[in-house]
Amino acid sequence: MSGFLPRVKAVLGPTNTGKTHLAMERLLSHASGIIGFPLRLLARENYDRMVKAKGIKSVALITGEEKIVPPGARWFSCTVEAMPLDRKVEFLAVDEIQLCADPDRGHVFTDRLLNARGLVETMFLGADTIAPLMRRLVPGVEIETRPRLSQLTYAGAAKLSRLPPRSAIVAFSAAEVYAIAEAVRRRRGGCAVVMGRLSPRTRNAQVALYQEKEVDFLVATDAIGMGLNMDVNHVAFAALRKFDGRQPRPLTAAEVAQIAGRAGRGMRDGTFGTTADCPLLDEDMAEKIESHEFDPLEQIVWRNSALNLASVPALLESLTIAPSRQGLIRGNEAADVQTLEALSRDSELMRRAQGRAATHLLWEACQIPDFRKLATDTHVKLVAKVFTHLLAKEKLPVDWVAGEIENLDRLEGDIDTLMQRLTDVRVWAYITARADWMADAGTWAMRARAVEDRLSDTLHIKLMTRFVDKRAAHLTRRLEEAEAEELQAIVAPDGLVTVEGHDVGRIEGFQFHPDPATQGPEKKILLRAARRALGAEMPRRILAAETAADDAITLSDDRHFIWEGVKIARLKKTDLFLKPGVEVLHSEFLDGLARERIRARLAAWLATETEKRLGALLKAMENPPAPLRGIVHRLSESGGVLPPEPFTPELRQEAKTFGIDMGRFAMYLPAALKPGAARLRALFWGVWYDRNPPELPSPGLVCAPMPANWGHDFALAMGWVQVNDIMIRLDVVERITRELHYLMRKHQIMLPPNLGSRMGLKPEQLAPTLNLLGFRLFPAGVAGDKFFGPPAPAMLGRRKQEHHQQQRQTAAPVRKQEPARAPAPVVVDADNPFAALAALKMARR
C-alpha cells in the first residue's frame, strides 16, 4: 500500500437523504470500521443493525455508560466522544459533523474532523453548511451533496386540536413539554414524550409507542432532531426560542430545519408549521427551510488535544491555548475543564495531584460526564472522591459504589424524580464501565445497567399513565381513518358499549352515557366514537321498542315509561285527566321519525293499560244518562272519586245501576279503587299537578297511618277516608256504615264483635273512629253490653258544611289538613271502649 492515500469523503445534505444508510453500507463492506454518532441512542440503534448483519461476536458498542467489546470485534458503533481512536481500522465515519460548530461539544467533533482517519476510507456525514470550512480545513476532501428524497413544505399555524395525526410537537423545556402533552391527552387521546433527559431505554419505549401507532402524536424537545427516524408527517413548533445553557435565544434557520426535517421519510413528503402560542415563522426562514439553503458555517469550535500532563497548572494552560488556524474558535468552557478548575482550588487535593500520572488520573476523573447539568459542587465532590479513592487504592471501594447504586434503586416518585435518578445512575454506569477503575467492572456495569433499566421502565409507565389514554388515542385514530360501518362495536346485554376493543360507556334505552371517569375533551372523543359505532345499534333498538310486548313496558313511580329496565319516555299533561300524553326522552340518536314511532307505541300501551285499569270509568264516560252526565264528567276530571253530595234515592239507584256508588263519604266507581287502578290514577294525578305522587299503601291493607305528605283531599281522591291520624279504605267505610245504619234502622244495637278487625283497627281506636264516622256511645246500664246510638247532630252539620265548602273549591295539590273533630261523645271508660257499657241509638237521616 506504499504511496496510498486514504480517501476522505464528506456526504452532506439535509435530513432524509440516506446519508447514514450509505455510511453503514460502506462500514460493513470493509474488513473493519468505526462509526461515531452524536447520541448514545443512535449508537445503540445502529449497533443492533450491525449485529444483525455481522453477528454479535464481531460487533462492539462503546458509549460513555456502556461497553460491549467482544475479543474478536471488528466493527464498532460508538458515541463520538467514546470512539477508540487508538484502534486501526479500514473505515471510519462521524455522523452529524456540522456539530463542530456546537459551542459545548463542538471541539470533540472538530478533533475527529481534523485528526480521525480510517486506513482506507474516512467519511463525514452532516449538513452542507459545513462544506466551505471543510474544504479549507481538510485538504483533498471529496464532498458529495445529496438532495432530500422528499419535499418539505411550510403549512402555517394550527391549533393543537387541529394538528393532523402522525405529528411531532416540539417545545424546548420540560414544563412546556408536560403542558402540551397533557393538552394533547385531553384533546386527542395522548402522545409519546421524547426529551434529552430520558434514558435510551425510556426513549426507545416512547418512540415505539408512537411507531406502533398506539398514539398518533409525539411531544418532544429538539432531541428528535438528531437521527431519530420515525413516521412523522408533520412537525409543529410550540416555540422558536431555546435556552442554550446560558441564555434564551432564537433558533437559527438551520436548527429549525434540522428538527422540521423529521417530517416525511423516504419518498413521503412532510410538512412543518407552528402551534399553541408560537408565532408564525418568518417568510424568509420558511423559504430557506423549504429550499434547504442556509448560510454556511464561518467557524467551528476547537480545543487543544495535545495536552500537557506534567502538572495540573500545565494541563489547564494547555486546555486554554487559542486556535492558530482560521475558521477555528474556542467554544464554551466544557464541564471537564470547569470541574478541573474547581478542583485546582482545593489545596489538599492539589498536594496529592503531583506528577504526570496523578495529573492524568485527575483529568480522567474530570471526564466523568455531568449528565445532571447541575453546575454545582455535587459533581465536583464526586469527581474529587473518585480521584482520591483511585489514587490511594487504584480501584474504587466496592462498598461505596454498591451503596451509591443501591440508593438510586428506588422506583417511587414522580416523573422528574425518576429522571433525576436516571441521570445519576447513568453517571455510575459510566464509572463502573471503566475496567481500570473497578474490580470486576463487568459485573458492576451490569448492576448499574439493571438499575437504569428498572428506572427506565418505571418512567415509561409513568409517562404513559400521565400522557396517554390508549382508549381515546385509538378511538381518535379510528374515527379519522374508518367509515362508520368499519368501526368494530359491540353492545353487551347489560348495555356496555365496546368500540374497537375499548369500553367507551353504557347505553340505557336510547341514551348513551360515556365512561364517568372521562371529562372534557376526552368525553367528546367517546361521544364521537359512540355516535359512529351505534349507527347500526340504534335502529335495532328502535325496532325492538316499537314491537315490544305489553309486559315489557311499565310505568315508574316518577311517571316515566320503563323499557328494558331504563327510562325512555315520560307522561305529559294534556287537557284530559285520564288521557295524559307521551313525551319521548331526548336522545341525539333519535330523529323526529324515530321519536314518533316510539311515542306511538307507548301511547298505544298507555291506552291499553288505562282501559285495563280504568275501563269502568271510561265506559261510564261514553254515554251516561242525562241525570248523571254532570257527575260522570266530574268523576272523569277527578279520576273516579268525588266528595259526597246530597242526592235523591232515585238518583242513587240510577247511579248504582251505572256502576257509581253515591255514598255518605264520597261518590266513586268501586273499580277505580283497585290497587292497579289506584296506582294509575295516582300517576295521572302526579302528571296533572306536575309532581311525583306520594307512595300508596300496600295492596290489601284496610287501615294505615296517615302519611305526613298526604292531605285529606289526596286521601279521598285515592279512595281513603281520614280519621284523625289514620285512614281507612273508602269502600270499607261505606260498606260498614251502611250495614250499621241498616241494623239500627229501628232500634239501638249491640256492638258487632268483629267490627274492629273488619276495619283494621286496634281496640283502643274503635270508639274514636266510630265517633268521627258519625256514631257515638251511650251508657246502657246493661252489664257487658255495648250499644250504638244515633249520629251526633253536630257531626251531621259538619258534613253538610264540608260538602258545601268542597263544592266551592277547585281541585288543588295535596296538602296536609287536620279533619274537623266531632263534639266529645259521652263514653264510659273511653280508653277501653270494649270494657265499657254503652247504648246507642240511631237517628235516621
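These are my notebook entries on a predicted model of one protein chain.

**Ground rules**

I number residues from 1 along each chain as its sequence is written, and my side-chain values use heavy atoms, with hydrogens and water left out. As the model is predicted, local features need pLDDT of at least 70 and side-chain atom pairs count only at pLDDT 80 or more, while totals for chains, interfaces and linings use all residues.

**Entry 1. The whole chain**

I began with the totals. The protein chain has 28 helices and 34 strands; these are DSSP runs numbered from the N terminus, helices being H or I with at least four residues and strands E with at least two. Of its 845 residues, 52% count as buried. For burial I used under 20% relative accessible area as buried, over 50% as exposed and anything in between as partly exposed (1.4 Å probe, protein chains only). The accessible surface comes to about 39,100 Å², and carbon and sulfur atoms hold 52% of that surface. Areas are from the Shrake-Rupley method with a 1.4 Å probe; for residues, only the protein chains shown count as cover.

I then looked up contacts, meaning heavy atoms within 4.5 Å. Among contacts between residues at least 6 apart in sequence, 68% join residues at least 24 apart.

**Entry 2. Helix H1**

Which residues of helix H1 (residues 19–29) are buried? I noted Lys-19, Leu-22, Ala-23, Met-24, Leu-27 and Leu-28.

**Entry 3. Thr-129**

I found Thr-129 in the loop between S7 and helix H4 (131–137). Its relative accessible area is 8%, so Thr-129 is buried. Not counting residues up to four places away in sequence, Thr-129 touches Gln-98, Phe-294, Asp-295, Pro-296 and Leu-297.

**Entry 4. Salt bridges**

The structure holds 44 salt bridges, each a side-chain nitrogen of Lys or Arg within 4 Å of a carboxyl oxygen of Asp or Glu.

- Asp-222 and Lys-242 meet through their side chains at 2.7 Å, N to O. Asp-222 lies in the loop between strand S12 (217–220) and strand S13 (234–237) and Lys-242 in strand S14 (residues 241–243), so the bridge ties together parts 20 residues apart in sequence. Asp-222 is partly exposed at 28% relative accessible area, whereas Lys-242 counts as buried at 18%.
- Asp-284 and Lys-288 form a salt bridge at 3.7 Å, N to O. Both are in helix H8, four residues apart, so about one helical turn separates them. Asp-284 is partly exposed at 41%, and Lys-288 also counts as partly exposed, at 24%.
- Arg-634 bridges to Glu-645, with the closest N and O atoms 2.7 Å apart. This pair links distant parts of the chain, eleven residues apart: Arg-634 is in helix H21 (residues 629–638), and Glu-645 is in the loop between strand S27 (641–642) and helix H22 (649–657). Arg-634 is partly exposed at 29% relative accessible area; Glu-645 counts as buried at 15%.

The network of salt bridges links Arg-40, Arg-44, Asp-48, Glu-65, Glu-66, Arg-201, Arg-426, Arg-449, Glu-452, Asp-453 and Asp-457.

I noted a negative surface patch formed by Asp-282, Glu-283, Glu-287 and Glu-290. A charged patch here joins like charges within 9 Å, from residues with over 30% relative accessible area and no salt bridge. Glu-290 is found in helix H8 (residues 283–291) and is partly exposed at 32%.

His-292 is in the loop between H8 and strand S17 (300–301). His-292 has a positive phi of about 60 degrees although it is not a glycine. Most residues other than glycine have a negative phi.

Where is Leu-411? I placed Leu-411 in the loop between helix H14 (398–408) and helix H15 (415–432). At 35% relative accessibility, Leu-411 counts as partly exposed. Leaving aside neighbours within four places in sequence, Leu-411 is in contact with Leu-418, Arg-421, Arg-454, Leu-455 and Thr-458.

Asp-440 is found in the loop between H15 and helix H16 (441–467). Asp-440 has a positive phi of about 55 degrees and is not a glycine. Asp-440 counts as partly exposed at 49% relative accessibility.

Technical notes. Patch = residues over 30% accessible without salt bridge, like charges linked within 9 Å, V, L, I, M, F, W, Y side chains within 5 Å. Lys, Arg positive; Asp, Glu negative; His and termini not counted. Charge placed at Lys NZ, Arg CZ, Asp CG, Glu CD.
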